[in-house]
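Please open the structure in your viewer and keep the selection tool at hand.

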Amino acid sequence: VEELVAEFSKKLGIERREITDQEILERCLYPMVTEGARILEEGVAQRASDIDVIWVNGYGWPVYTGGPMFWAEQLGLGEVASAYERYAEALGADDWQLSPRLRKLAAAGDGFGS
């Protein structure tokens, strides 16, 4: 299978590279945070902590992290936003649109204000 993937990648002009555990984590979790920010923008949830409660109690997010929105605040929304925008540039901006709310909070150095 690995040979087939390598051949197919070469045929499509895709340069294969090593992907770190950190990149996998960021590419899986940062989109959840920006989607959470969109949920707040749309008024579907009132507070970031409401989103965290759903993730912890409904989806089994690890309780000790407080939920994805709290976790992102602890990392720093500026770090999340800048990494997200790096991925948008590298992977295709159409699939990686940063939430305007997250961009604004990151630029101001604010949190979600759970």
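A residue is called buried when its relative accessible area is under 20%. By this criterion, 32% of the 114 residues of the chain count as buried. Please bear in mind throughout that the model is predicted.

**The whole chain.** Display the chain as a cartoon. The C-alpha trace spans about 50 × 30 × 25 Å along its principal axes. Among the contacts with a separation of 6 or more, 58% join residues 24 or more positions apart.

**The nonpolar core.** Select Val-33, Leu-40, Met-69, Trp-71, Leu-77, Leu-102 and Phe-112, which have the most contacts inside the largest nonpolar core, a set of 26 residues. At least two residues of this core come from each of α2 (21-41), α3 (48-58), α4 (68-75), α5 (77-91) and α6 (100-108). Which helix gives the most to this core? It is α5, with seven residues.

Next, centre the view on Met-69. Apart from neighbours within four places in sequence, Met-69 is in contact with Val-33, Gly-36, Ala-37, Leu-40, Ala-48, Ile-51, Asp-52 and Phe-112.

**The aromatic rings.** The whole structure contains six aromatic pairs. Select Trp-61 and Trp-71, an edge-to-face pair with 6.2 Å from centre to centre and 65° between the planes. Trp-61 lies in the loop between α3 and α4, whereas Trp-71 lies in helix α4, so the pair ties together parts that are ten residues apart in sequence. Are these two residues buried or exposed? Both Trp-61 and Trp-71 are buried.

Move on to Tyr-84 and Trp-96. Their ring centres are 4.8 Å apart and their planes stand at 55°, so this pair is tilted. Because Tyr-84 lies in helix α5 and Trp-96 in the loop between α5 and α6, the pair ties together parts that are twelve residues apart in sequence. Tyr-84 and Trp-96 are likewise buried.

To see an aromatic cluster, select Tyr-30, Trp-55, Tyr-59, Trp-61 and Trp-71 together; these five residues form one such group.

**A patch on the surface.** Finally, select Phe-8, Leu-12 and Ile-14. They form a nonpolar patch on the surface, with about 320 Å² of accessible area together. Of these, Leu-12 is found in helix α1 (residues 2-12).

How values were computed:
Residues numbered from 1 in each chain as written. Predicted model: local features only at pLDDT ≥ 70, side-chain atom pairs only at ≥ 80, totals over all residues. Heavy atoms only, no water. Core = buried A, V, L, I, M, F, W, Y, C linked by side-chain atoms within 4.5 Å. Buried < 20%, exposed > 50% of the residue type's maximum accessible area, 1.4 Å probe, protein only. Helix = DSSP H or I, 4+ residues; strand = E, 2+ residues; numbered from the N terminus. Contact = heavy atoms within 4.5 Å. Patch = residues over 30% accessible without salt bridge, like charges linked within 9 Å, V, L, I, M, F, W, Y side chains within 5 Å. Areas by Shrake-Rupley, 256 points an atom, 1.4 Å probe, with all protein chains shown as cover. Salt bridge = Lys/Arg side-chain N within 4 Å of Asp/Glu carboxyl O. Phe/Tyr/Trp six-rings, centres within 6.5 Å; stacked < 30°, edge-to-face > 60°.
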